[in-house]
Amino acid sequence: MAKKEHKGRTGVVYSTSEEFNYSYDGEAESETLPADKQKLKVLLDSKGRAGKTVTAVTGFVGTTADLEDLGKKLKNKLGVGGSVKEGEVLIQGDFRVRLVSLLNELGYKVK
């Protein structure tokens with residue numbers, strides 16, 4: 001068993017059976033759609049962030065690696081901080097207008 005394999009297990013506390021073998025049916029990541037097929041939303045959010053505003057890009061369909069690459073590109077082009085969490089790209093500050101134009105340049109459909 002791999003060192004961190006147990007973290008994906010849910011619903012199993014302990015088994016004394018010698019024949020017991022846990023099989024994990026994790027969700028397979030969907031293949032990344034091309035940029036022109038994506039429909040992204042750009043939102044301003046400040047809830048649960050101690051009053052600080054972030055601009056969220058949601059609606060990305062694809063692997064987490066591709067989402068992290070997109071987040072890195074956006075943060076570098078804007079010159080600001082941010083993160084990728086739970087399928088969203090979070091950019092620190094209010095950059096809705098600039099994000100929409102950047103995503104359009106990259107070929108994404110933005111709302």
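Q: What pattern does the protein follow, read along the sequence?
A: The protein goes β-β-α-β-β-α-β. That comes to 2 helices and 5 strands, where helices (H or I, at least four residues) and strands (E, at least two) are DSSP runs numbered from the N terminus.

Q: And what kind of model is this?
A: This is a predicted model: local features need pLDDT of at least 70, side-chain atom pairs count only at pLDDT 80 or more, and totals for chains, interfaces and linings use all residues. Residues are numbered from 1 along each chain as its sequence is written, and side-chain values use heavy atoms, with hydrogens and water left out.

Q: OK, the sheet. What's the order of the strands?
A: S3-S4-S2-S1-S5, an open sheet of 5 strands with mixed pairing. Two strands pair if DSSP finds at least two bridges between them. S3 and S5 are the edge strands, each pairing on one side only.

Q: How many bridges join S3 to S4, and do they run parallel or antiparallel?
A: There are 4 bridges, and the two strands run antiparallel. For a specific pair, Ser83 has Leu90 in S4 as its bridge partner.

Q: Switching to packing. Which residues of the largest nonpolar core touch the most other members?
A: Leu40, Val57, Leu70, Leu74, Ile91, Leu99 and Leu103, out of 15 residues in that core. A nonpolar core here is a set of buried Ala, Val, Leu, Ile, Met, Phe, Trp, Tyr and Cys residues joined through side-chain atoms within 4.5 Å. Buried means under 20% relative accessible area, exposed over 50%, partly exposed in between (1.4 Å probe, protein chains only).

Q: Which elements each supply at least two residues of this core?
A: S1 (39-45), H1 (64-78), S4 (88-92) and H2 (96-105). The largest share, 4 residues, comes from H1.

Q: What does Leu99 touch?
A: Not counting residues up to four places away in sequence, Leu99 touches Val42, Thr55, Val57, Leu74, Leu78 and Ile91. Contact means heavy atoms within 4.5 Å.

Q: Which residues in H2 are buried?
A: Leu99, Leu102 and Leu103. They sit on the same side of H2, because they cover an arc of only 95° around the axis; the arc is that of the directions from the helix axis to the C-beta atoms. Val97 and Glu105, on the other side of H2, are exposed.

Q: What covers the buried residues of H2?
A: The cover includes S1, S2, H1, S4 and strand S5 (109-110). H2 is then followed by Gly107, with a positive phi near 100°.

Q: Thr55 came up. Is Thr55 buried or exposed?
A: Buried, because its relative accessibility is 0%. Thr55 lies in strand S2.

Q: So what does the side chain of Thr55 reach?
A: It reaches the backbone oxygen of Gly93 at 2.5 Å and the backbone nitrogen of Phe95 at 3.0 Å. These are polar contacts: a pair of N or O atoms within 3.5 Å; within protein, one must be able to donate a hydrogen and the other to accept it, and residues adjacent in sequence count only if both atoms are side-chain atoms. Leaving aside neighbours within four places in sequence, the contacts of Thr55 also include Val42, Leu90, Asp94 and Leu99.

Q: And Gln38, buried or exposed?
A: Gln38 counts as buried, because its relative accessibility is 1%. It is found in the segment before S1. A polar atom of the Gln38 side chain lies 2.8 Å from the backbone oxygen of Val61. Beyond its neighbours within four places in sequence, Gln38 is in contact with Thr32, Leu33, Gly59, Phe60, Val61, Tyr108 and Lys109.

Q: What about the phi of Glu86?
A: Near 50°, also a positive value in a residue other than glycine. Glu86 is in the loop between S3 (82-85) and S4 and counts as exposed at 82% relative accessibility.

Q: Last one: what share of the 111 residues do buried residues make up?
A: 22%. As for contacts with a separation of 6 or more, residues 24 or more positions apart account for 50% of them.
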